[in-house]
Amino acid sequence: MNSMTGYGFKEAIVEDSQISVEIKSVNNRFLDLNINLPYYLNSLEQKVRKIVSDKIVRGKVDVTIRVKDLNSNAKVSVDSQAAKMYADAISQIAVSLGKKAEDIPLSLIVSQEGVLNITHEYDAESYWKKIEGIFTEVFEQFICDRKREGENLKKDLLSKLDLLDECASFFKQWQPKMEQKFKEQISSRFKELLGDSVDENRIMTEVAAMMVKYTINEEIIRLHSHLAALRKEFSDNPIPGKRIDFICQEANREINTIGSKNQFTEVGAMVINAKDALENIREQSKNVE
């Protein structure tokens with residue numbers, strides 16, 4: 001079980017480049033992957049996206065890769081024709097102002113647009129060879145962080161599930177008392193209405209028919225089934241987040257029904273405990289991948 005929150009970071013110098021990789025994530029219903037690269041490495045986005053999406057299923061994940069070249073790989077070219085045209089034009093301006101053409105500084109001509117052209121050659125794959133080792137290390141760090149937090153979440157979820165198992169067992173123990181009290185109430189109402197002429201067999205027949213509707217036996221059986229399904233998700237499913245929420249909804253129906261049929265303070269208190277534990281599990285499932 002993995003948490004949807006995690007973090008990994010490393011910065012290092014590889015050959016002649018300073019490289020930093022940061023990966024972080026927060027909760028999200030689906031995978032929302034945002035990759036930030038230098039513009040000249042945009043061709044690497046699909047490669048990075050595949051690596052991450054192959055192992056991460058849910059969460060808002062931000063991947064940031066920064067590269068700074070310590071030695072310039074820039075190439076400078078000169079447009080001599082443009083420089084001559086600027087020199088002639090500036091000379092004409094100088095003469096018209098009574099200045100000498102030879103007094104024009106070279107820096108003025110060189111600074112004009114298009115005289116010097118600077119280009120950079122970027123080979124994305126060669127940069128990836130520098131980035132890959134750092135990225136792999138940070139990604140593993142990020143995954144381990146999510147796994148560590150996931151184990152803590154799992155412990156908490158299992159403790160809440162243990163409490164729910166206790167609640168279900170409690171309901172099972174109190175089921176006969178609930179049924180007996182219901183029978184006594186029905187018998188009492190019959191006797192109030194019919195007096196001494198009441199037919200005991202008729203009462204028992206009516207009670208048996210109504211018990212089908214008011215017993216909690218089926219709810220207890222289904223609740224145990226849902227709790228067993230939750231435990232299986234915790235132990236067997238590496239990405240149980242969505243399933244947990246669905247199963248909790250089903251279990252909540254059974255607990256609500258038990259509460260609606262209950263007539264004992266003790267059972268009512270246990271229903272509250274069960275609903276609280278179940279709600280905690282549902283909230284925690286939003287943090288689980």
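A word on the model before we start. It is predicted, so local features need pLDDT of at least 70 and side-chain atom pairs count only at pLDDT 80 or more, while totals for chains, interfaces and linings use all residues. Residues are numbered from 1 along each chain as its sequence is written, and side-chain values use heavy atoms, with hydrogens and water left out.

Helix α2 comes first. Helices here are DSSP runs of H or I, at least four residues, and strands are runs of E, at least two, numbered from the N terminus. α2 covers residues 80–96, 17 residues in total. The expected span is 1.5 Å times one less than the number of residues. That should give 24 Å, and the end C-alpha atoms are 24 Å apart, which agrees.

Which residues of α2 are buried? They are A82, A83, A87, I90 and A94. Buried means under 20% relative accessible area, exposed over 50%, and partly exposed in between, with a 1.4 Å probe and protein chains only. Seen down the axis, the buried residues of α2 fall within an arc of 135°, so they line one face of the helix. That arc is taken from the directions from the helix axis to the C-beta atoms. On the other side of α2, Q81, M85, Q92, V95 and S96 are exposed. The cover over the buried residues includes α3, residues 106–110. Just after α2, G98 takes a positive phi of about 80°.

Now the surface. V76, V78, L106, V110, L116 and I118 form a nonpolar patch with about 570 Å² of accessible area together. Areas come from the Shrake-Rupley method with a 1.4 Å probe. Patch residues have over 30% relative accessible area and no salt bridge, and nonpolar side chains are joined within 5 Å. A salt bridge would be a Lys or Arg side-chain nitrogen within 4 Å of an Asp or Glu carboxyl oxygen. β5 (74–78), α3 and β6 (116–120) each supply at least two residues of the patch. Take V78, in strand β5. V78 counts as exposed because its relative accessibility is 55%.

E15 sits between β1 (6–14) and β2 (17–26). E15 is not a glycine, yet it has a positive phi of about 55°. At 65% relative accessibility, E15 counts as exposed.

N262 lies in the loop between α7 (241–261) and α8 (265–285). Is N262 buried or exposed? Buried, at 17% relative accessibility. Leaving aside neighbours within four places in sequence, N262 is in contact (heavy atoms within 4.5 Å) with M178, V267 and G268.

How values were computed:
Patches are made of residues with over 30% relative accessible area and no salt bridge: like charges are joined within 9 Å, nonpolar side chains (Val, Leu, Ile, Met, Phe, Trp, Tyr) within 5 Å.
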